[in-house]
Amino acid sequence: MTDHPPDLAALQRRLAEFAAARNWQPYHTPKNLVAALSVEASELVEIFQWLTPEQSERVMADPGTAHRVRDEVADVLAYLLQLCEVLGVDPLAALAAKIERNELRFPAPGGQGDATPG
């Protein structure tokens with residue numbers, strides 16, 4: 001393990017190598033990866049489901065719950081990165097483009113209108 005976090009491309013390579021070593025590629029279709037992503041996102045939601053807003057803000061204070069949150073975040077990100085790899089989507093470029101579109105669509109207050117998300 002290194003002292004600095006790996007980059008996105010390195011993580012995608014590790015995920016691909018992990019799947020290849022287990023012959024899982026036939027199962028990593030876009031449909032299956034999206035379904036798995038949805039399941040993992042739901043498992044993350046489950047942690048917060050019955051918490052008050054105040055409790056949800058303190059969720060990382062409990063070591064057991066914090067561990068579960070980190071694991072589910074990792075699972076969501078892993079399936080998202082695998083989906084991007086299969087579809088040929090650069091997730092960072094897609095996010096940058098989306099932020100740019102949202103900045104135009106929802107100008108900051110005091111700019112050219114006070115748009116609210118909806």
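Author: Contact means heavy atoms within 4.5 Å. Helices are DSSP runs (H or I, at least four residues), numbered from the N terminus. This is a predicted model, where local features need pLDDT of at least 70, side-chain atom pairs count only at pLDDT 80 or more, and totals for chains, interfaces and linings use all residues. Residues are numbered from 1 along each chain as its sequence is written, and side-chain values use heavy atoms, with hydrogens and water left out.

Reader: Which residues in helix 1 meet helix 4?

Author: From helix 1 come Leu8, Leu11, Gln12 and Leu15. In helix 4 they meet Ala78, Leu81, Gln82, Cys84 and Glu85.

Reader: How do I read the packing of two helices?

Author: Two packed helices are described by the angle between their axes and the distance between the axes. Axes are lines fitted to C-alpha atoms over the stretch in contact, and angles run from 0 to 180 degrees between N-to-C directions. Here the axes of helix 1 and helix 4 come within 10 Å and cross at roughly 85°. Helix 1 and helix 4 are therefore roughly perpendicular to each other (65 to 115 degrees).

Reader: Is Gln12 buried or exposed?

Author: Buried means under 20% relative accessible area, exposed over 50%, partly exposed in between (1.4 Å probe, protein chains only). Gln12 is buried, at 13%. Gln12 sits in helix 1. Not counting residues up to four places away in sequence, Gln12 touches Leu81, Cys84 and Glu85.

How values were computed: Helices (H or I, at least four residues) and strands (E, at least two) are DSSP runs, numbered from the N terminus. Angles under 35 degrees count as roughly parallel, over 145 as roughly antiparallel, 65 to 115 as roughly perpendicular and the rest as oblique.
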